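Have a go at each task before reading its solution.

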Amino acid sequence: MHETEEFIPYIVNPREDTGLYNAKFGIWLFLASEVMLFGSLFSAYILLRVGSFTWPVQSELQDIRIGALNSVILLTSSIFFIRAWVALKADDIAKYKKFMYLVILCAFSFLFFKGVEYHNHFSHGEFPKTSVYLGLYFLMTGLHALHIIGGILVNIYYAGPGMYLRAQNKQWFINRVEVAGLYWHFVDLVWIFLFSTLYLL
Amino acid sequence: MEEHSHKDEFKRDILIYCCIIALVGVIIFISHLHLGTGGIFLIVPIACVEAGILGFYFMHLMTKKRTVHLLLLLTVIVFVTLLFWPAWDVAYSPRTPSEFTTY
Amino acid sequence: MSSAHDSAHHDSSHHHTSHSDSSHHHQSFWSKYVFSTDHKIIGIQYLFMSLFFLFFGFCLMLLMRWQIAYPGHPLPIIGKMFGANSMPGGVMLPEFYNQLGAMHGTIMVFLGVVPLGFAVFGNYLIPLQIGAKDMAFPRLNMFSYWSFLVGGLLMLSSFFLPGGPASNGWTSYSPLSDISHDGQTIWLFSMAIIIISSLLSSLNFITTIFNLRAPGMTFERLPFFIWAQLITAFLLLLAFPPLEGAAFLQLCDRLLGTSFFLPSGLFVNGHLYNVSGGGNALLWQHLFWFLGHPEVYVIILPALGIVTEIIACNTRKNISGFSMMRWSIIFLGFLSFVVWSHHTYLTGMGTNITAFFQTTTMIISIPSVIIISALFITLWGGSIRFNVPMLFALAFLPMFGFGGLTGLPLGLAATDIPLHDTYYVIGHFHYVVAPGVVLGLFAGIYYWFPKATGRKMNEVLGHLHFWPTLITMNLVFFPMLIQGLMGLNRRMYDGGATYTFAHDILYWNVVISWAAWFMAAAQLFFIFNFFYSMFNGEKVHSDNPWHSATLEWATPTPPPHGNFAKPITVYREPYSYSLEGAPKDYSPQDQKEI
């Protein structure tokens with residue numbers, strides 16, 4: 001394989017002056033671009049809402065209980081991810097897997113409740129095209145849900161089939177999981193803003 | 001990088017977690033007060049605090065070197081630019097009421 | 001320390017020769033040349049792809065120029081090949097003209113010039129110039145290329161839709177873009193894929209430049225080319241996502257019936273459009289130009305980097321004001337995010353916000369002027385070698401400078417009022433891109449061709465390419481400035497023939513078109529030279545035929561997988577030419593003695 005530590009440095013160990021190994025640097029850059037992506041949608045929200053005469057009362061259209069529950073679920077999954085990573089660093093693979101499964105379970109529950117919400121909307125005749133607010137709601141939470149699904153796939157891989165990578169290079173695998181964790185925390189972070197903006201404002 | 005024992009860290013993480021959950025509760029409560037536009041100036045900053053706590057502790061931002069901090073600062077500045085021009089534009093454009101979009 | 005560990009490890013276990021690295025198993029043709037993770041192969045893949053798209057977009061323009069010069073006349077010989085939907089009887093339909101215009105812009109910008117400047121030169125040269133063996137994420141790099149190709153092919157496929165490709169300009173303004181035919185949907189999907197590919201490339205480049213520099217390669221010792229690529233990568237990283245967001249919003253409008261960009265009370269074909277309304281057409285413009293303006297700096301900066309390398313090497317001098325240039329380019333990158341609304345002056349913005357953007361737009365001209373001036377000043381007292389790359393690089397300076405100056409009346413809101421959406425705008429931006437950036441990119445191809453192939457491109461053919469191209473480019477774009485000043489609108493399918501006020505300047509359309517067709521003929525010399533020299537060009541007998549001091553010339557020719565024959569340490573600044581007491585007039589960066 002071309003990507004070995006002899007060929008490309010700083011895959012496993014961080015470089016002194018930047019303090020980062022390559023993948024961590026890369027993921028922070030990626031997250032910066034994601035900030036801009038969701039940022040543009042938030043920007044659209046602000047413009048459209050500020051520029052409108054009337055805007056629906058968001059808390060009446062949304063079920064805040066489910067939103068709050070989803071917030072708790074995602075935050076809990078973040079804690080589980082950290083526990084998983086700590087266990088991995090301590091070589092406790094059983095614990096690592098257990099916590100990763102919990103993360104994945106939380107993620108699926110999040111999607112489940114999201115599905116419940118969407119279903120409730122559709123059965124009330126509330127579709128993306130019904131209003132600008134609902135269009136933004138579906139697009140922003142939908143895009144977020146796609147990011148959750150991406151995270152689920154990565155997490156399943158690293159908790160299951162991808163474990164062979166750990167046998168190849170232990171520290172590199174720990175780095176990979178850390179990077180996946182950063183992405184996961186970010187997805188959680190975006191949800192905090194989505195919930196605050198789309199449900200509570 | 002963390003040299004703390006696992007137990008201390010676990011307690012600290014749980015504490016952070018509870019803080020964030022509590023803040024979520026706070027903004028839900030504020031939302032129920034239906035403060036209208038004023039609510040934004042409470043809810044959004046508190047959401048930022050939640051995000052900041054999550055970033056600093058869960059994403060270990062505080063242990064990152066200058067590189068990441070600078071990158072994030074740059075991103076935040078660009079992001080804020082993107083976010084606040086619409087408000088400014090709408091506030092300062094000459095528009096008659098009929099040109100406002102309606103829901 | 002990892003690097004010391006690396007070198008110790010290497011000396012004992014690996015032999016670095018021109019042949020493939022002994023630790024890697026023998027690769028099949030497919031994994032070595034097609035699904036390659038080597039940055040050089042990927043760079044060359046991007047090269048062929050972007051040169052093809054550049055040529056394709058160029059041909060679209062040649063077709064348009066017939067209609068502009070001779071509106072309503074059937075195009076001889078090839079006109080009938082386009083079918084009744086586009087050119088019945090060889091006469092171009094207005095709809096087809098619009099499609100050509102939209103696709104010309106889109107393909108040239110997103111699939112031609114930007115990948116050529118950023119992905120081609122960046123991929124090939126960044127690891128070489130910083131002393132690294134490859135990019136930080138080689139497999140991601142491969143994915144970037146293939147997804148880019150998929151996006152590009154998807155964009156091309158829209159030509160085969162029944163309704164044809166997108167026809168709403170490369171800017172795809174709403175509300176028209178929300179309701180137009182399917183070609184626009186394909187445009188949006190292609191753009192989304194291309195954007196993701198670019199984002200991944202950007203983070204690869206930035207991580208590589210920060211983390212994979214050879215020992216001794218401090219930021220001050222990085223060549224300006226790397227600085228330019230670094231800033232370009234940041235611009236792409238942070239500015240492209242809003243266009244992705246906007247593309248999602250427009251896709252929802254088109255496919256899900258939302259109204260993000262559709263205001264209430266919109267009438268389409270005489271009927272009230274059946275959507276919720278409540279959207280804002282200007283939202284699209286702002287989101288688009290939030291990318292659109294940094295995008296033009298993405299176009300410009302790589303060419304600035306290339307030209308700087310060539311000028312330093314061919315004047316045998318250090319670049320004057322090198323540190324000023326570095327600070328300028330950082331400042332430029334930063335400012336490019338806060339000027340975008342000079343593209344929307346005429347949308348009814350308030351005077352306060354207009355004043356803000358006008359001020360930032362005026363300020364952003366300063367770093368560009370500093371950079372161009374530094375390059376001009378470098379020529380003073382230099383020992384100039386007038387080879388073909390240098391000719392192109394030298395031509396870049398006044399052409400780009402002039403093009404930039406023509407932008408000033410557009411940047412000032414008051415003078416923009418009569419000039420907006422006229423041929424003046426087309427003349428301005430093409431001046432900076434065509435006689436500007438593209439000449440710089442050609443310079444780069446001629447300059448680094450010997451490193452990549454071991455052969456030089458033919459000098460005579462180079463001159464036959466250069467001089468007619470330079471002259472015809474000016475003949476094409478200068479009259480556009482005149483036409484614009486006299487009020488001729490852009491994007492008119494007949495070139496203004498139906499407007500009586502335009503009658504006096506219509507003859508320029510014929511001049512421009514013929515100059516464009518001659519320009520096309522001149523490119524044939526390049527195309528022939530490029531392919532011919534790959535196999536039959538004069539071989540170079542040195543790894544460093546231009547006697548350059550930067551690191552990419554310290555490799556075997558062509559560079560093998562892993563690039564350098566031995567680990568690199570950097571000892572000095574990049575443009576160490578004509579140093580006092582040095583035995584030669586250049587002192588390579590990796591050579592310990594002066």
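From the N terminus on, the elements of chain B run α-α-α. This is a predicted model, in which local features need pLDDT of at least 70 and side-chain atom pairs count only at pLDDT 80 or more, while totals for chains, interfaces and linings use all residues. Residues are numbered from 1 along each chain as its sequence is written, and chains are lettered from A and ligands numbered from 1 in the order in which they are written.

**Exercise 1.** State how many helices and strands chain B has, and what percentage of chain B is buried.

*Solution.* Chain B has three helices and zero strands, where helices (H or I, at least four residues) and strands (E, at least two) are DSSP runs numbered from the N terminus. Of its 103 residues, 23% are buried (20 or more other C-beta atoms, placed from the backbone, within 10 Å of the residue's own).

**Exercise 2.** Check the span of helix 12 of chain C, then find what covers its buried residues.

*Solution.* Start with the length: helix 12 covers residues 351-379 of chain C, and at 1.5 Å a residue its 29 residues should span 42 Å (1.5 Å times one less than the number of residues). The end C-alpha atoms are 43 Å apart, which agrees.

Next, list the buried residues of this helix, among them Phe357(C), Ile364(C), Pro367(C) and Leu375(C). Their cover includes helix 10 (281-315), helix 11 (322-335) and helix 13 (388-406) of chain C. Finally, look past the helix: Gly381(C) follows, with a positive phi near 75°.

**Exercise 3.** Describe the side of chain C that touches chain A.

*Solution.* Count first: 43 residues of chain C are in contact with 35 residues of chain A (C-beta atoms, placed from the backbone, within 7 Å). The largest share of the chain C side, 10 residues, comes from helix 9 of chain C. Now sort by class: that side has 21 nonpolar, 17 polar and five charged residues.

**Exercise 4.** Work out how helix 1 of chain A crosses helix 9 of chain C.

*Solution.* The axes of helix 1 (residues 22-50) of chain A and helix 9 of chain C come within 8 Å and cross at roughly 45°. That makes helix 1 of chain A oblique to helix 9 of chain C; angles under 35 degrees count as roughly parallel, over 145 as roughly antiparallel, 65 to 115 as roughly perpendicular and the rest as oblique. To see the contact, find Leu29(A), Met36(A) and Leu41(A), which are among the helix 1 residues of chain A that meet helix 9 of chain C, where the partners include Leu237(C), Pro241(C) and Leu249(C).

Technical notes. Buried ≥ 20, exposed ≤ 12 C-beta atoms within 10 Å, placed from the backbone. Contact = placed C-beta atoms within 7 Å. Nonpolar A, V, L, I, M, F, W, Y, C, P; charged D, E, K, R; others polar. Axes fitted to C-alpha atoms, helices over the stretch in contact; angles between N-to-C directions.
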